[in-house]
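This report covers the sheet and the aromatic contacts of one protein model. Please have the structure open while reading.

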Amino acid sequence: MTDRIVSWHANPSVPRFTPPPGAVDAHCHVFGPMAQFPFSPKAKYLPEDAGPDMLFALRDRLGFSRNVIVQASCHGTDNSATLNAIARSEGKARGVAVVDPAISDAELEKLHEGGMRGVRFNFLKRLVDDAPKDKFLEVARRVQPLGWHVVVYFEADILEEMRPFLDAIPTLIVIDHMGRPDVSQGPDGADMRAFRSLLDSRDDIWTKVTCPDRLDPKGPPWDDFARSVAPLVEDYPDRVLWGTDWPHPNMEKAIPDDGLLVDMIPRIAPTAELQRKLLVDNPMRLYWPEEQS
């Protein structure tokens, strides 16, 4: 039996920064509980349970109001754990699903009723064995009538080869973690320039300005991340989202303090207006559009 992994901070600090009322943690996950929601036999990691109660306690501790729960790769295409967390959130969570391309329209409808508002395509080879672009495009076409968007996760070294696939997606696109640029290059480095070129190619490509702990190996206070990402938020203020990435899959060797992650927000979004767009307006438009006037 493989040892189960803990990748989250047992006692995160209370952030100095207070998020605006209605702030959304727009990228987090739940793991299990395994007894109720077993992990996929194809999972590349086996985490300890990090269920809805822990997630919602963290939400309150950090000063957020809502969560967008992204299906974790360890649960494969069985979205039950994510749907359970949404159902228990009292309307304060929505989700992003991972689906088998053979999923039926009736099952997609059921996911929508359960609070899913997007579908995620993962191209990280260390997490998934198969990423069939043609089948993913078919899924993207099928979720379009539901008003869903597509979340795409890849690393900077394959951005160019991803461009034709991204161009062909008919819905709004959200890129996870800015396509993982090398932030040590700075805001004008090759990775960030290539990513800006992608954003400039379509005005319906958004991104999550997330995961300094993953992208800045120098560690807190993650100065390279702040320096590289702040100009992106300033230049694309209506197309950015933020999230904790709790419970930080595969970060067991460099577990971040979630309070410090929240304290990054004013460094990349220094004005109240930018903070409101990043944390409230933008995620609400995508995930709770029915509440927008």
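Which residues do ring pairs link into a cluster?

## Aromatic cluster

The cluster joined by ring pairs consists of Trp8, Phe31, Tyr45 and Trp246. The model is a predicted one. Across the whole structure, a search finds 8 aromatic pairs. In one of them, the ring centres of Trp8 and Phe31 are 6.3 Å apart and the planes meet at 55 degrees, so this pair is classed as tilted. Trp8 belongs to the segment before β1, whereas Phe31 belongs to the loop between β1 and α1, so the pair ties together parts 23 residues apart in sequence.

Are these two residues buried or exposed? Trp8 has 11% relative accessibility and therefore counts as buried. Phe31, at 0% relative accessibility, also counts as buried. The cut-off for buried is under 20%.

## Sheet

The open sheet is formed by 8 strands with parallel pairing, in the order β1-β2-β3-β4-β5-β6-β7-β8. Its edges are β1 (24-28) and β8 (240-241); each has a single partner strand, so one side of each has no neighbour in the sheet.

Within the sheet, β5 (residues 149-153) pairs with β6 (residues 173-175) in the parallel sense, over 3 bridges. Here Val152 stands opposite Ile175 of β6. Helix α1 (residues 52-62) packs on the sheet and touches β1 and β2 (66-70). The directions of α1 and β2 make an angle of about 140 degrees.

## Charge over a ring

Arg66 places its charged end over the ring of Trp288, at 4.7 Å from the ring centre.

Conventions:
Residues are numbered from 1 along each chain as its sequence is written. This is a predicted model: local features need pLDDT of at least 70, side-chain atom pairs count only at pLDDT 80 or more; totals for chains, interfaces and linings use all residues. Side-chain values use heavy atoms; hydrogens and water are left out. Two strands pair if DSSP finds at least two bridges between them. Helices (H or I, at least four residues) and strands (E, at least two) are DSSP runs, numbered from the N terminus. Contact means heavy atoms within 4.5 Å. Axes are lines fitted to C-alpha atoms, for helices over the stretch in contact, and angles run from 0 to 180 degrees between N-to-C directions. Rings of Phe, Tyr and Trp (its six-membered ring) pair if their centres lie within 6.5 Å; planes under 30 degrees apart count as stacked, over 60 as edge-to-face and the rest as tilted. Buried means under 20% relative accessible area, exposed over 50%, partly exposed in between (1.4 Å probe, protein chains only). A charge sits over a ring if NZ of Lys or CZ of Arg is within 6 Å of the ring centre and within 35 degrees of the ring normal.
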